[in-house]
Amino acid sequence: MRNVRNILAVSCGYAAAVIGAGFASGQEIVSFFLRYGKGSIIGIILSCVIFSLFSYAVMSRCIEKQINDYGGFLDSVFHGKFANKVIEYITIVFALCSLCVMTACAGEAGAVLFGVRNVYGAAVFAVMCGIIFAIDAKKMMQLNSLLGAVIIFGIIFSCIYILRF
């Protein structure tokens, strides 16, 4: 039973990272797959296959080489120290850009949803991100798994709702 729970936790964490943050937002997924109708099933299948193959390749390398962190993964893919540093810096730049965009969006969402000034919504989001960054990796993965379960439930509920009407 514990293995099933661990498999579900990893699956939900992956879904949260890919669907919730990396690949597309819920609105993008709904608008794309509604716009192209029944023919969009090809896009769904293709996306699933590509992400599954990518995650399989990454996870099998991590299991095979006993890799537990991003630096270890980079060492296994890029054998030069210079290449590893370049990839790490590029990752940091993209992560900071994403954080800035998400903070601005959170400020705007706070203004639209709650009527507060943009700066307050952005500040609340920045504080929440700071708290999350202070949490150790194991707790962050548990939180990400919970978020993944919520995202998966939301997607299933939305699909059933849309198909019904």
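Helices here are DSSP runs of at least four residues, H or I, numbered from the N terminus. The model is predicted.

**Exercise 1.** State how many helices and strands the protein has, and give their pattern.

*Solution.* Count the elements: there are seven helices and zero strands. Then read along the sequence: the pattern is α-α-α-α-α-α-α.

**Exercise 2.** Locate glutamine 66 and decide whether this residue is buried or exposed.

*Solution.* Start with the place. Glutamine 66 sits in the loop between helix 3 (41-64) and helix 4 (70-77). Next, take the accessibility. Exposed means over 50% relative accessible area. Glutamine 66 has 65% relative accessibility, so this residue counts as exposed. Last, check the backbone. Phi of glutamine 66 is near 55°, a positive value in a residue other than glycine.

**Exercise 3.** Describe how helix 5 and helix 6 cross.

*Solution.* Take the axes of helix 5 (residues 81-114) and helix 6 (residues 118-134). They come within 7 Å and cross at roughly 130°. Angles over 145 degrees count as roughly antiparallel, and 65 to 115 as roughly perpendicular. Helix 5 and helix 6 are therefore oblique to each other. Their crossing is right-handed. Now list the contact residues. Helix 5 brings Leu99, Met102, Thr103, Ala106, Gly107, Glu108 and Ala111. Helix 6 brings Asn118, Gly121, Ala122, Phe125 and Cys129. Sort this contact by class: seven residues are nonpolar, four polar and one charged.

Notes. Residues are numbered from 1 along each chain as its sequence is written. This is a predicted model: local features need pLDDT of at least 70, side-chain atom pairs count only at pLDDT 80 or more; totals for chains, interfaces and linings use all residues. Side-chain values use heavy atoms; hydrogens and water are left out. Helices (H or I, at least four residues) and strands (E, at least two) are DSSP runs, numbered from the N terminus. Buried means under 20% relative accessible area, exposed over 50%, partly exposed in between (1.4 Å probe, protein chains only). Axes are lines fitted to C-alpha atoms, for helices over the stretch in contact, and angles run from 0 to 180 degrees between N-to-C directions. Angles under 35 degrees count as roughly parallel, over 145 as roughly antiparallel, 65 to 115 as roughly perpendicular and the rest as oblique. A crossing is left-handed if the near helix is turned anticlockwise from the far one by less than a right angle, and right-handed if clockwise. Contact means heavy atoms within 4.5 Å. Ala, Val, Leu, Ile, Met, Phe, Trp, Tyr, Cys and Pro count as nonpolar, Asp, Glu, Lys and Arg as charged, and the others, Gly among them, as polar.
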